[in-house]
Amino acid sequence: MAVEKNYPEIRDAVIKLCGQFGGEYWRKLDQDKQYPSEFVQALTDAGYLSLLVPEQYGGSGLPLGAACAVLEEIQRSGGNGGACHAQMYTMGTLLRHGSEAQKAHYLPKIADGSLRLQAFGVTEPTSGTDTSRIRTTAVRDGDDYIVNGQKVFISRTEHSDLMILLVRTTPREQCAKHTDGMSVLLVDMREALGKGLTIVPIDTMMNHATTELFFDDMRVPVENLIGEEGKGFGCILDGMNAERILIAAECIGDARWFTEKSAAYASEREVFGRPIGQNQGVQFPIARAHIQTEAAALMVQQAADLYDAGKRPGAEANMAKMLASEAAWAAADCCVQTHGGYGFARDYDVERKFRETRLYQVAPISTNLILSFIATNELSMPRSF
Ligand SMILES: Cc1cc2nc3c(=O)[nH]c(=O)nc-3n(C[C@H](O)[C@H](O)[C@H](O)COP(=O)(O)OP(=O)(O)OC[C@H]3O[C@@H](n4cnc5c(N)ncnc54)[C@H](O)[C@@H]3O)c2cc1C
């Protein structure tokens, strides 16, 4: 018995849609390193990418829990929501901190699919996980900010019109708190490309459309500042919590895909004259992965409920993401083992999903940093950095 699933109608509809994009579709894209444009268009047309946009702006106005259900089912179908999940989590920053004018200008176009908000620019080569040390700066010049610096591993920029970008507007040394002095800009990449913005793709072990960005006197209108200047870290935290919860839901979907695949294969593959799944050495790791997944699913639901209640559930979002990514990885490892040599054969999709789900212990935040956050913030132990 699995954790009771919420939003059953949405789940059924997503399963049906994903049925049109089977393993062959994803394998081909993976091999050719291509973006799943048809899949993202189908999700857009069905209204799933505007799920969180309030009804007054043309969206469905549903809570984060509904978006979790969508992403979980995409992953559970064997697909990969990484191509488009950012529109759901970047929304947290825009919805909670955008001005009325910004929301009125952008949200209806995001809702009808004519604009994509799929990029979230935080990570930099020299600061890594230590976000307060970002070096990308924005300096005010009349009605514009002038942005200089570099970002790395910023995904989907070639398939997005807009980007939520974290920059420094006041040097770290001049701030009372290290997290002060940062600001969030909504960058229209269609305007900026070739005029101060350069995008360079990064080839990774899975098909993820991630890129490096270079800013060379890129102009962003001051009216595109989200929230207050210098208070940007708080604004992106809402996006980050949403991101962690949504990615945790994707990991639950991955874990369920792996476990269902393992159980089915172990029940049908016969060696030594009986199904391999009859051997407890094969059976128990699959059962353990299932238990780990269901426990993690409860934490994901709890984190989404708190987020939907308007809270800032940093601890729950982090715990959910860590537990779910570890459950997915345990299920993935077990799935390869259960499939023996076939776990490595591309036609089975196991090796592709194995590569894809490994990411979530590193991004959007690594497991060590989650442990450190919980140790110091929840358990009041001394900080190590
Ligand atoms: C495919 C992909 C897509 C991505 N997409 C995006 C995106 O769209 N937007 C974005 O902003 N970023 C994105 N990222 C970046 C991702 O969030 C970072 O890679 C991640 O946060 C880790 O940062 P880093 O790579 O600089 O590692 P580092 O910070 O250099 O850390 C390396 C390792 O050291 C560990 N470590 C570092 N400091 C400590 C410490 N004090 N104590 C214990 N352990 C420590 C970390 O846990 C990690 O395992 C993406 C990354 C990848 C690979």
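Because the model is predicted, local features are considered at pLDDT of at least 70 and side-chain atom pairs count only at pLDDT 80 or more, whereas totals for chains, interfaces and linings use all residues. Residues are numbered from 1 along each chain as its sequence is written.

The protein contains 12 helices and 10 strands, where helices (H or I, at least four residues) and strands (E, at least two) are DSSP runs numbered from the N terminus. Its radius of gyration, taken over C-alpha atoms, is 21 Å, close to the 21 Å that the globule rule (2.2 Å times the number of residues to the power 0.38) gives for 385 residues, so the protein is as compact as a globular protein of that length. Along the principal axes, the C-alpha atoms fill a box of roughly 80 × 50 × 40 Å. Of the 385 residues, 48% are buried, a residue being buried if 20 or more other C-beta atoms, placed from the backbone, lie within 10 Å of its own, exposed if 12 or fewer do, and partly exposed in between.

Strand E3 (residues 144-155) pairs with strand E2 (residues 137-141) in an antiparallel arrangement held by 5 bridges, pairing being assigned if DSSP finds at least two bridges between two strands. Aspartate 141 has aspartate 144 of E3 as its bridge partner, and the two strands form a hairpin with 2 residues between them, in whose turn glycine 142 has a positive phi of about 65 degrees. E3 also runs antiparallel to strand E7 (residues 210-221), to which 9 bridges join it; here glutamine 150 stands opposite phenylalanine 214 in E7.

Among the helices, the axes of H8 (residues 232-268) and H11 (residues 350-358) come within 11 Å and cross at roughly 150 degrees, the axes being lines fitted to C-alpha atoms over the stretch in contact and the angles running from 0 to 180 degrees between N-to-C directions. The contact is made by Cys251, Asp254, Trp257, Phe258 and Lys261 of H8 and by Val350, Lys353 and Thr357 of H11, two residues being in contact if their C-beta atoms, placed from the backbone, lie within 7 Å.

Isoleucine 286 is found in helix H9 (residues 280-308) and is buried, with 23 other C-beta atoms within 10 Å. Leaving aside neighbours within four places in sequence, isoleucine 286 is in contact with Thr259, Ser262, Ala263, Ala266, Cys334 and Thr338.
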